[in-house]
Amino acid sequence: MTVSSTSRQQEQGRFITVMKDILVRPSGRIGLTLVLFHILLALLSPSIAPYDFKMQNSSLMLSPPSSEHWLGADHLGRDILSRTLMGGREALLVTGIATPLAVIWGGFIGILFGLVGGRVDEVLMRIVDAFLSLPWILKMLVLIVTFGTGIGVLIPTLTFFYGIPVIRVARAATHDIIARDFVWAAKARGHSRISIIWRELLPNVLDTLMVEGAMRWSWMLLAFSSLSFLGFGVSPPTPDWGLMISDARGFMSFAPWGVIAPVIGLSSLIIGINLSADALAKALGIDRAQKAPM
Amino acid sequence: MLFMLIRRVLLGGVTVCIVSLIIFAGVEMLPGDACTQFLGEYQADEELLAQCRKDLDLNRPPIDRFAEWTQGAITGDLGLAADGTTKISTIVGDRLKNSLLLAFCAMAVGIPLALLLGVVSGLWRDRLPDIIASTLAIFAMTIPEFVSATLLILVLSVWLGWLPGIVLTSAAAPASEFFPEILLPVIVLSFVMCAHIMRMVRSSVIDVMASDYVQMATLKGVPYWQIVFRHALPNALLPAINVVALTIAWLLGGVVVIEVVFNYPGLGRLMIDSISDRNLPVVQSIALIVASVYVCVNLAADLLTMIANPKLRTMYMRK
């Protein structure tokens, strides 16, 4: 009882230290502000958007910014401001669910196989390598074309494929810890595998997994918006930045505002997540500089 | 050393085998087959369907067909596309050549630039050149390729009119005809590539410059530039090999979106088109090619690192 309450206090103390450390850095402050702003916007945008996002008005087609429509209208005469404000909702919803799920399943498998080791581990890593050697877009498109688009397909697809690289990271982090004395001690005390994973490995791998999760979030968002851009993501008339950019691209020469507004929305969110992830990594003392793209 | 080398090559081979198995199994599991696709609306006719399956040899067990497909793939014969008449190797050949051209140009621009910028910003850490280069790199790495590509088209081709914004050359045209249309895609690709490599080189230059032997050399009175070129850079650039390899591998996938944006007739666009048309044999072949290239590039990087790093080399020799 006392042990658990002190450890909880320590946990809270650590959380506060880490948060302070993130907020001291300019990248952390800017990043977290951007992310919070986008989350709030996603929650509130249906009530603050000035017009209905799917209302078409042919007299306004491709009209430039005006006092009624601050950012003009798109090729179907829909208000760009309203669509831009709401354009991140789907993306945040899908990636917000898929990222934690991906980190959980990838992290669990990675820790488990890192602990078990041996031949099983070797075989699993070959399969992971094989998956990683296929371009992400190919893997996803095959599934999406088969099962159709929509949230019901996108979330499991993203969860599955973005969990695979997490396996690698979790396994490597486990290997670093597994040789330490306290793991040996736990083994010698006769603890079960689950208990070793839960009490010895997980607390030590958690930092790495959190940073990895933050990075995966930004990559997942990139993948999601790219899929939307290619026409395999959300279906119209749902407002989505990727889709909006793809739609407005053809009219770019005389209606550039249709491209610029969603570009700013998407870029600010992704940059916000990246800056936060960077600050988190530094606050937790994890060097991410050597991470390569995936 | 030799043992290590053989092991690496074998592991690469195993990975390609697993990939081909995944691809084949994945395509097998998809609902429908080449015949339901090929016959389209006529597929309700059971007799036609059966006849077609017989013609295309689809009634044999999957294992047999997998063996045949792999055999063909090894000898360069990728079989026929879903329409049953065109050879995949001819469709894919031109596209592969175009994608390689694009990748090669991007590497030729991106890698030297990245090394230069990385060294400069590593040596002048936290000063103006570093701040500018690092900020640009963060933008390049985070903003999706289709966004930066669209913005570049908007600025360089729509507003300024300097470069053509879209590729209109046909797939079979010789490489020389892609200029100057290829320039914008090359700029976008090398921009992103450059950012990843630059960040890596920068951090490794910083690490090496803070190391004991550089300090030792400074204390001995070795001139600064001699330290940089003789002592620091050879060690700092070594880890870059692996990042370059990973970036090239990324290029194979990331290039897809860029090819679509610029309407470039490469392997990536062929892939998207084939997936949309459900031309599965072509998808299979592209996946196999891309995965093999990925494995080869990584293998080459590992070997290069081993050859270039005496520490690793002797470690394996002693073993």
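The expected span of a helix is taken here as 1.5 Å times one less than its number of residues, and helices themselves are DSSP runs of H or I with at least four residues, numbered from the N terminus, just as strands are runs of E with at least two. This is a predicted model, in which local features need pLDDT of at least 70 and side-chain atom pairs count only at pLDDT 80 or more, while totals for chains, interfaces and linings use all residues. Residues are numbered from 1 along each chain as its sequence is written, and chains are lettered from A and ligands numbered from 1 in the order in which they are written.

Chain A contains 11 helices and 0 strands, and its C-alpha atoms fill a box of roughly 75 × 45 × 35 Å along the principal axes. Of its 294 residues, 46% count as buried, a residue being buried if 20 or more other C-beta atoms, placed from the backbone, lie within 10 Å of its own, exposed if 12 or fewer do, and partly exposed in between. Two residues are in contact if their C-beta atoms, placed from the backbone, lie within 7 Å; among the contacts in chain A with a separation of 6 or more, 73% join residues 24 or more positions apart.

Helix α5 of chain A (residues 118–132) has 15 residues and reaches 21 Å from its first C-alpha to its last, close to the 21 Å expected at 1.5 Å a residue. Within α5(A), the residues A:Val128, A:Asp129, A:Ala130, A:Phe131 and A:Leu132 are buried, and what covers the buried residues includes α7 (151–178) of chain A together with α1 (2–29) of chain B.

Between the two chains, 36 residues of chain A are in contact with 41 residues of chain B. On the side of chain A that touches chain B, α5, α6 (136–147), α9 (193–230) and α11 of chain A each supply at least two residues. By class, that side has 24 nonpolar, 9 polar and 3 charged residues, where Ala, Val, Leu, Ile, Met, Phe, Trp, Tyr, Cys and Pro count as nonpolar, Asp, Glu, Lys and Arg as charged, and the others, Gly among them, as polar.

Two helix pairs, one in each chain, are set out below. Axes are lines fitted to C-alpha atoms, for helices over the stretch in contact, and angles run from 0 to 180 degrees between N-to-C directions.

| Helix pair | Axes come within | Crossing angle |
|---|---|---|
| α10(A) (residues 241–248) and α11(A) (residues 257–284) | 8 Å | roughly 155 degrees |
| α12(B) (residues 267–277) and α13(B) (residues 280–308) | 8 Å | roughly 145 degrees |

In chain A, α10(A) and α11(A) are therefore roughly antiparallel to each other, a term for angles over 145 degrees, with those under 35 counted as roughly parallel, 65 to 115 as roughly perpendicular and the rest as oblique. Residues A:Trp241, A:Met244, A:Ile245 and A:Ala248 of α10(A) meet A:Gly258, A:Val259, A:Pro262, A:Val263, A:Gly265 and A:Leu266 of α11(A), a contact with 8 nonpolar, 2 polar and no charged residues.

In chain B, the contact is made by B:Leu267, B:Leu270, B:Met271, B:Ser274 and B:Ile275 of α12(B) and by B:Val282, B:Val283 and B:Ile286 of α13(B), and these residues divide into 7 nonpolar, 1 polar and no charged.

Also in chain B, B:Ala236 lies in helix α10 (residues 224–237) and counts as buried because it has 27 C-beta neighbours inside 10 Å. Leaving aside neighbours within four places in sequence, B:Ala236 is in contact with B:Val201, B:Ser204, B:Val205 and B:Val208.
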